[in-house]
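Please keep the structure in view while reading.

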Amino acid sequence: MAKNQNADITWKDSGVPVATRFDDPYFSLEDGLAETRHVFLSGNDLPARFAPGFHVAELGFGTGLNMLATFLLWRDAGAPTGVRFTSFEAFPMAADDIAKALGAFPEARAVAAPFLSAWGDGVRSFDLDGFAVDVITGDARQTLPAWQDKADAWFLDGFSPAKNPELWGDELMKQVGAHTAPGGTFATYTAAGFVRRGLDAAGFDVERSPGYGRKRHMSRGTLRP
Ligand SMILES: C[S@@+](CC[C@H](N)C(=O)[O-])C[C@H]1O[C@@H](n2cnc3c(N)ncnc32)[C@H](O)[C@@H]1O
């Protein structure tokens, strides 16, 4: 897979962006922000675990909606210092496409201007009122093994495992485990068996919990001591 290619987008009538390369939407057709809050934020016990220096990491930055939802929650939790959000993305979206996609979520769009301005200038590391964001471009199968850090909470948000299996493979899940701090967690919208087995093999206690909307199950887990 070539590095730093841009995302090619088509749009559903509902305004949801779809990645042409993967033939899959970037977020829930029902309500992407509510799904993010249910799956990734509650799924990682946030905001309760926010503390100075807490580090969130994500596979699949996409529109930045998860990042902005995390920023909003962090801000409402009193903006503890040194909280970081690192995301891995192979096919960055154009700033105009991101702005259009975020238009569906006024709460997120309202705080997105500094992010969109940095992103439009090609800046991938920026700071939102003390919330530090770093987007590492390139195929996560290469960039995550080279990452010199560990996350306290992972958002596993590739496209569906059937359409984007490379972002859910056993080797990459092992890398997620190896880049998780003691007591760290993951959450993902999928309950696909091979993903759950891969995360178990990577060192997580994996549990199935109620999914968002029409999805019966999602998965979450904690790194075994
Ligand atoms: C469902 S979207 C993520 C949505 C995003 N979290 C948001 O808040 O909008 C999946 C993302 O994974 C990215 N992706 C797919 N394969 C990848 C790979 N091998 N390495 C890194 N990113 C990848 C896609 O380009 C896409 O942006």
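## Terms and numbering

Two strands pair if DSSP finds at least two bridges between them. Helices (H or I, at least four residues) and strands (E, at least two) are DSSP runs, numbered from the N terminus. Residues are numbered from 1 along each chain as its sequence is written. The model is predicted: local features need pLDDT of at least 70 and side-chain atom pairs count only at pLDDT 80 or more, while totals for chains, interfaces and linings use all residues.

An open sheet is formed by 8 strands in the order 6-7-5-4-8-9-11-10, with mixed pairing. Strand 6 (125–128) and strand 10 have a single partner strand each, so they stand at the edges and one side of each has no neighbour in the sheet. On average, neighbouring strands of this sheet are turned by 20° against each other, direction ignored.

Strand 4 (residues 55–59) and strand 5 (residues 84–89) run parallel and are joined by 5 bridges. Glu-58 has Ser-87 in strand 5 as its bridge partner.

Another open sheet has 3 strands in the order 1-2-3, paired antiparallel. Strand 1 (9–11) and strand 3 (24–25) are its edge strands, each pairing on one side only. Strand 2 (residues 17–19) is linked to strand 3 by 2 bridges in the antiparallel sense. Here Ala-19 stands opposite Asp-24 of strand 3.

## Helix 7

The buried residues of helix 7 (residues 170–178) are Leu-172, Met-173, Gln-175, Val-176 and Gly-177. A residue is buried if 20 or more other C-beta atoms lie within 10 Å of its own, exposed if 12 or fewer, and partly exposed in between, with C-beta atoms placed from the backbone. These buried residues pack against several elements, including helix 6 (140–143) and helix 8 (193–201).

## The nonpolar core

A nonpolar core is a set of buried Ala, Val, Leu, Ile, Met, Phe, Trp, Tyr and Cys residues joined through C-beta atoms within 7 Å. The largest one has 58 residues, and Leu-65, Ala-108 and Trp-154 have the most contacts inside it. Helix 2 (residues 65–76) gives the largest share of this core, 6 residues.

Two residues are in contact if their C-beta atoms, placed from the backbone, lie within 7 Å.

Key: Axes are lines fitted to C-alpha atoms, for helices over the stretch in contact, and angles run from 0 to 180 degrees between N-to-C directions.
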